[in-house]
Amino acid sequence: MSDNILEVRRLRTSFFTDTGELRAVDDMSYSVRRGEFCAIIGESGSGKSVSALSVMRLISYPPGFIKGGEILFDGRDLMGVSDKEMQAIRGSEIAMIFQEPGTALNPVMTIGAQIEENIRLHERGVSREETARRTAELLELVGIPDPETRLKDYPHQFSGGMKQRAMIAMAMSCRPKLLFADEPTTALDVTVQAQVLEQLNDMRTRFGTSLVLITHNLGVVARYADSVKIMYGGRIVESGSTDDIFIEPAHPYTMGLIRAVPRLDLPRSHGLYTIEGEPPDMSKTPPDCCPFHYRCPYADERCGKERPRDEEVSPGHVCACFRRDVAKAAWKGADA
């Protein structure tokens, strides 16, 4: 049995619009180990959510289309299974917590009914009594008080944090092997964010689930993640352990993200670091170039004409950048 529960190889997903093809995921490859807490970091528009939806086979056609690649889940290529087989896998073996629980939950169904529906759909023969008992247990596990009463409530009767907890309970109802969490703390206050993330991590440990967290919050990643994938322009530009990424970053974009985090040990006059420019328009950016070269302070002529390939910086630490040595020297100089 492979150590990896998920292996994505050269995944390409595009959206075809009136202005042309937009390459949302452009030759993306990564893997997730069994039981691992993996984080995918990047700016809005970098392709993080589309990559997760591609693995779930939830890209609507038109305008979206998975053009190619392999999605190996537990040794099985999901690109080769039928829609009916994928429906059986989705929700039972692979689950997803969507970004906005207020829109993901059905407003005319009770919270309990929505969780029970997923259990009955994927586990035939389970009695109504057993389903209700498991639903109440799940709500209790995610920290919702008086679960037997609250499972009869509707989404509008739940606060934002409670809706997100209900989404976690729904996603974990069939104890999936792999869980995607797409910005699960959006629009929540800091205290509730911490509670929700603790619940996610606890459920992951309890059920042995591999968790892929999609976020741009580096503080969350540093606290919880085992490994980190940095995404830019539809590609993974750097990946490694959390220590690799935060202590020895190799890609200029990763360095920029870390520098942009506010620091309490610096005077207020220091100001905030920003990455100049905007994320690339992937309908206009040439495929044979580094998509970050438009904003990179170390880019040279080669960066705009040739696509950098993944190279191992250290065991398990991979980076795609022609100018990483120059960037690294500048990074070390800034720290000195």
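How much space lies in the second largest cavity? About 40 Å³ lies in this second largest cavity of a predicted model, in which local features need pLDDT of at least 70, side-chain atom pairs count only at pLDDT 80 or more, and totals for chains, interfaces and linings use all residues. Residues are numbered from 1 along each chain as its sequence is written, and side-chain values use heavy atoms, with hydrogens and water left out.

**View 1. The second largest cavity and its lining.** A cavity is a set of points, on a 1 Å grid over the protein atoms alone, where a 1.4 Å probe fits but cannot get out, and its lining residues have an atom within 4 Å of a point. The lining here consists of Glu43, Gly45, Ser46, Tyr232, Gly233, Pro279, Pro280 and Met282.

**View 2. The largest cavity.** This cavity has a volume of about 60 Å³, where a volume is the space filled by probe spheres set on the grid points. Among the residues that line the largest cavity are His251, Cys290, Phe292, His293, Tyr298 and Arg323.

**View 3. Helices H4 and H5 where they cross.** The axes (lines fitted to C-alpha atoms over the stretch in contact, with angles from 0 to 180 degrees between N-to-C directions) of H4, residues 111-122, and H5, residues 128-141, come within 9 Å and cross at roughly 120°. In the contact (heavy atoms within 4.5 Å), Ile111, Gly112, Ile115, Glu116, Ile119 and Arg120 in H4 meet residues of H5 including Arg128, Thr131 and Leu138.

Key
1 Å grid on protein atoms, 1.4 Å probe; cavity = no way out; pocket = protein on both sides within 12 Å on 5 of 7 lines; lining within 4 Å. Helix = DSSP H or I, 4+ residues; strand = E, 2+ residues; numbered from the N terminus.
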